[in-house]
Amino acid sequence: MFLQQTSRALQRQSALCQGLRLVAASTASKRHHNRTSPSARGFHATRDLKVVKPYLLADIGEGIVECEIIQWFVEPEARVEEFSPLCEVQSDKASVEITSRFAGVVKKLHYEAGEMAKVGKPLVDIDIQGDAKEEDLKALTPSEPVAEASKVPLTTDKPAETASTSGSVSSLRTEQEDAGAQPAIGNGEAEEPTPKGKHAALATPAVRHLSKELNVDITQIQGTGREGRVSKEDIYKFVEAKKSAQATPQATPTYAIPHVPGKQQETRTPLTKTQEQMFKTMTRSLAIPHFLYSDEIDFTNLVELRRRLNRVLAKTAHPDSNEVAKLSYLPFIIKAVSMALFKHPILNARVDIDAATGKPSLAFRSQHNIGVAMDTPQGLLVPVVRDVANLNVLSIARELVRLQSLALAGRLSPQDMTGGTITVSNIGNIGGTYLSPVVVEKEVAILGIGRMRTVPAFGEGDRVVRKEICNFSWSADHRVVDGATVARAAQVVRGIVEEPDVMVMHLR
């Protein structure tokens with residue numbers, strides 16, 4: 001009995017092994033057929049992933065199709081995290097810092113500093129699955145200034161000297177580069193130029209901001225930090241060296257333009273980005289038919305009100321806070337313009353021409369976004385104070401301080417520069433009594449403010465009194481706005497400025 005059961009079990013195992021051999025042979029035959037067949041396709045458990053991801057330059061403003069790479073904050077094989085800064089670009093309107101949307105390792109920079117990058121085209125390639133090394137992370141970590149790097153006692157509390165030397169730094173750059181191009185003679189051999197560190201252009205934001213203020217090319221500075229990085233002390237030392245070189249008399253001075261007696265010489269210089277934008281904007285603006293309306297405004301009561309308010313602010317404002325410690329006249333004027341727009345909303349509109357039919361129409365806008373022309377080292381910029389109707393005078397003053405500090409540092413964002421509905425240009429703080437401002441494209445009116453001056457005037461009983469007078473000059477798009485409308489709006493502004501206590505009745 002036992003032998004029979006064992007015999008049947010062995011027979012079943014033999015049959016099973018024979019079946020497995022047949023299946024293996026069939027599988028091998030299919031594999032051979034698939035390898036030799038031209039239509040064979042491989043099988044993958046998962047689809048192939050593209051590890052290196054190109055980072056595209058996104059649209060950074062209205063109508064901007066390209067921008068200039070100012071400087072890179074990364075280099076190939078450097079580790080970046082999400083929202084880490086990649087580079088700084090300069091558009092027609094403002095400088096913008098581009099940050100990364102991915103975490104990974106930079107594999108390729110598609111542009112060099114100074115080249116024009118196209119919107120929508122790859123900016124950098126980032127390996128989002130790359131093995132990040134510690135050295136890659138150190139490449140982006142700002143280094144602390146080396147204590148022994150500079151022995152020259154330099155301080156930062158010299159605004160007057162900084163402003164006065166900013167122009168001489170740029171003029172000295174050509175002379176020093178020319179001098180550096182000549183081989184230095186020492187013991188009969190030419191000295192090898194000292195190589196800059198491979199991270200010379202990588203620096204902290206404070207150091208880059210200082211180099212911009214002093215108009216210094218940071219890549220021309222020999223850094224003393226880790227791997228040749230530039231510190232603040234290096235920049236000050238570089239500027240001092242240029243000042244010393246300028247003071248040293250040279251036997252054969254060089255000139256940017258060779259002087260030839262009796263013959264006119266010309267030097268061609270490309271426009272800056274700000275000048276290019278002004279060229280385009282004003283060319284389009286002068287296609288608009290303008291008309292000018294001017295009036296004299298009595299600032300006497302506003303001068304007294306401002307004096308009282310500044311006295312209160314001086315007592316209550318904390319020196320370490322961001323509160324405004326002193327009011328100018330501009331916040332009052334901006335608020336008065338906003339109040340006039342409630343009665344004359346056409347001055348807050350824009351002309352819109354239908355692309356299909358070519359018929360013009362007016363687009364009325366609900367918010368009062370008032371652009372303020374500012375004189376900056378980069379040129380004329382017009383940042384925007386948004387939703388003035390819902391701001392009080394102190395809030396407007398606070399926003400003006402913020403925009404002005406960003407404008408002077410060249411850090412205005414595209415959001416700060418776009419969306420204006422009407423513009424106020426205060427030329428009086430520089431000088432000039434009368435002006436004829438140009439209407440900005442996509443707006444229909446602009447107000448120009450002249451210099452305030454003290455004049456004698458007749459008061460009650462033919463008594464001569466002292467008055468503070470300022471001229472307001474309005475320009476408007478005569479295609480849609482007539483002179484009577486501007487005159488009525490100007491009277492509203494005049495009434496509020498001459499009787500500023502009226503603003504109290506319109507507080508919300």
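1. Four strands form an open sheet in the order β1-β8-β6-β3, with antiparallel pairing. Because β1 and β3 (79-80) stand at the edges with a single partner strand each, one side of each is left without a neighbour in the sheet. Strands here are DSSP runs of E of at least two residues, and helices are runs of H or I of at least four residues, both numbered from the N terminus; two strands are taken to pair if DSSP finds at least two bridges between them.

2. The model is a predicted one, in which local features need pLDDT of at least 70 and side-chain atom pairs count only at pLDDT 80 or more, while totals for chains, interfaces and linings use all residues. Residues are numbered from 1 along each chain as its sequence is written, and side-chain values use heavy atoms, with hydrogens and water left out.

3. Strand β8 (residues 122-127) is joined antiparallel to β1 (residues 52-56) by five bridges, and to β6 (residues 104-109), again antiparallel, by four bridges. Aspartate 127 of β8 is the bridge partner of valine 52 and also of valine 105, whereas leucine 109 has valine 124 of β8 as its bridge partner. Five of the six residues of β8 are buried, so the strand is largely enclosed by the rest of the structure; buried means under 20% relative accessible area, exposed means over 50%, and partly exposed lies in between, with a 1.4 Å probe and protein chains only.

4. Aspartate 295, in strand β11 (residues 290-298), has a relative accessibility of 16% and therefore counts as buried. Its side chain makes a polar contact with the side chain of arginine 494 at 3.0 Å, where a polar contact is a pair of N or O atoms within 3.5 Å, one able to donate a hydrogen and the other to accept it within protein, and residues adjacent in sequence count only if both atoms are side-chain atoms. Leaving aside neighbours within four places in sequence, aspartate 295 is in contact (heavy atoms within 4.5 Å) with Cys470, Asn471, Phe472, Gln491 and Arg494.

5. Helix α8 (residues 330-343) has 14 residues, which at 1.5 Å a residue should span 20 Å, and the 21 Å between its end C-alpha atoms agrees with this; the expected span is 1.5 Å times one less than the number of residues. Twelve of the 14 residues of α8 are buried, so the helix is largely enclosed by the rest of the structure; among them are Phe332, Lys335 and Met339.
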